[in-house]
Amino acid sequence: MVPLLDRKLLFVTGKGGVGKSTIAASLALLAAEQGKKTLVCEVDAKGNLADFYEAGETSFAARELQPNLWAMSMNTEESLKEYLSLQLKIPFVAKIGPIARTFDFIANAAPGVKEILTIGKLTYEVRERNYDLVIVDSVASGHIVGQLTAPTGINELVQVGLVRNQTQWMMDILNDPAQTGVVIVSAPEEMPVAETIELAQRLDAETDIDLAAVIVNRVLPELFTEREEALFEAMRTPRKIDAISKAVGGAVKPVFDAAELAVTLRRTRAGHLATLREGLDPMLPMMFVPYLFTRTHGARATRRVAELLGEEL
Ligand SMILES: Nc1ncnc2c1ncn2[C@@H]1O[C@H](COP(=O)(O)OP(=O)(O)O)[C@@H](O)[C@H]1O
Ligand SMILES: [Mg+2]
């Protein structure tokens with residue numbers, strides 16, 4: 001099994017809002033600080049990756065935010081222009097203006113065109129060895145399989161030599177577990193767990209792309225151990241609560257209610273974690289990122305999560 005950050009291309013996905021951007025940004029920071037030249041790319045046009053570093057906007061042209069850490073935002077039209085000027089050796093971008101103008105028409109008419117331009121750009125950066133590691137703040141679980149299998153789809157659709165040659169190398173990179181992996185971000189909650197298990201099964205059944213790890217985000221600290229839970233249960237009779245209230249000179253019922261909430265949360269979240277573990281290949285690496293009770297966005301939070309991930313890796 002290849003260590004996570006020793007791969008070349010990582011797609012970070014998961015249910016919307018689960019912490020994909022947080023984890024992608026933090027993994028990229030961690031890799032950069034380990035000395036790897038790292039590109040982090042957000043795929044969502046309405047994304048907010050720049051906020052996670054507080055280092056200015058990102059665009060299609062990658063920009064070095066700090067030593068070894070480069071960031072960009074995907075733009076499929078820019079990707080097409082770059083492809084045409086690089087691959088087909090069309091010298092001046094100006095000359096392909098008319099082609100670009102028909103881009104929206106083509107992209108919307110043919111399924112997989114936008115996906116292939118996204119995947120094409122990312123795998124191109126890997127093929128050219130422009131970076132040691134490319135981390136993608138990817139689309140949500142429901143769309144990732146379609147995006148990752150676009151080259152296969154086009155390959156099967158178009159048997160013509162030129163197009164086949166243009167997608168085969170992408171598939172060679174995507175399907176090589178030494179180079180490419182998917183990271184699913186999950187959380188100890190019902191829906192994220194269900195989506196994670198479903199996606200793991202789909203990746204296995206519908207693609208040849210390796211699931212590299214599951215990162216469980218927003219894990220609550222152990223507020224109560226099992227032994228403390230037992231103590232708490234023993235104390236929680238009306239008579240004892242009454243006696244303790246008298247002894248301390250104030251109503252302690254609200255304190256017990258709060259403790260009960262903590263116990264319930266721990267139990268339900270532990271249950272969801274157990275469901276997740278059971279639903280996944282036992283060999284699959286799982287990492288845990290605690291729930292942050294401090295400010296949860298911005299450069300400091302990204303750094304904190306990077307440190308925590310560094311301890312797990
Ligand atoms: N470990 C964590 N603890 C607390 N809040 C978190 C944690 N990770 C992410 N968040 C918060 O959850 C929200 C969604 O995170 P984000 O990374 O933007 O998710 P996604 O990219 O999957 O939509 C943000 O407000 C973020 O600050
Ligand atoms: Mg996001």
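In the contact between two helices of this predicted model, E190, V193, T196 and I197 of α9 meet H272, T275, L276 and G279 of α12, where contact means heavy atoms within 4.5 Å. Helices here are DSSP runs of H or I with at least four residues, strands are runs of E with at least two, and both are numbered from the N terminus. The model is predicted, so to speak of a local feature takes a pLDDT of at least 70, side-chain atom pairs count only at pLDDT 80 or more, and totals for chains, interfaces and linings use all residues. Residues are numbered from 1 along each chain as its sequence is written, chains are lettered from A and ligands numbered from 1 in the order in which they are written, and side-chain values use heavy atoms, with hydrogens and water left out.

Back to that helix pair. α9 and α12 (residues 253-279) pack with their axes 10 Å apart and an angle of about 0° between them. Axes are lines fitted to C-alpha atoms, for helices over the stretch in contact, and angles run from 0 to 180 degrees between N-to-C directions. α9 and α12 are therefore roughly parallel to each other; angles under 35 degrees get that label, those over 145 count as roughly antiparallel, 65 to 115 as roughly perpendicular, and the rest as oblique. Sorted by class, the contact of α9 with α12 has 3 nonpolar, 4 polar and 1 charged residues. For that sorting, Ala, Val, Leu, Ile, Met, Phe, Trp, Tyr, Cys and Pro are nonpolar, Asp, Glu, Lys and Arg are charged, and the others, Gly among them, are polar.

On the α5 side the contact is made by E115, T118 and I119, and on the α6 side by G146, Q147 and L148. This contact has 2 nonpolar, 3 polar and 1 charged residues.

Then there is the sheet. It is open, has 8 strands in the order β3-β4-β2-β5-β1-β6-β7-β8, and its pairing is mixed; two strands pair if DSSP finds at least two bridges between them. β3 (63-66) and β8 (286-290) stand at the edges with a single partner strand each, so one side of each has no neighbour in the sheet. From one strand to the next, the twist averages 25°. β3 and β4 pair in the antiparallel sense over 3 bridges, with E64 opposite W70 and R63 opposite A71. Their hairpin has 2 residues between the strands, and N68 takes a positive phi near 75° there.

Further into the strand order, β2 (residues 38-42) is mostly covered, with 5 of its 5 residues buried. Buried means under 20% relative accessible area, exposed means over 50%, and partly exposed lies in between (1.4 Å probe, protein chains only). T38, V40 and E42 point one way from β2, while L39 and C41 point the other way. β2 runs parallel to β4 (residues 69-73), joined by 5 bridges, and C41 has M72 as its bridge partner in β4. With β5 (residues 133-137), β2 also pairs in the parallel sense over 5 bridges; here T38 stands opposite L133.

M74 sits in the loop between β4 and α2 (76-87). It is buried, with a relative accessible area of 9%. Leaving aside residues up to four places away in sequence, M74 touches C41, E42, V43, F60, T118, K121 and L122. M74 and A62 are 12 residues apart in sequence, and their C-alpha atoms are 9.8 Å apart.

As for the nonpolar cores, each is a set of buried Ala, Val, Leu, Ile, Met, Phe, Trp, Tyr and Cys residues joined through side-chain atoms within 4.5 Å. The largest has 45 residues, and L9 and F11 touch the most other members. α5 gives the most to this core, with 7 residues. Beyond residues up to four places away in sequence, the contacts of F11 include I119, L122, V136, I144, L148 and L174. A second, separate core of 36 residues includes L4, L29, A213 and V305.
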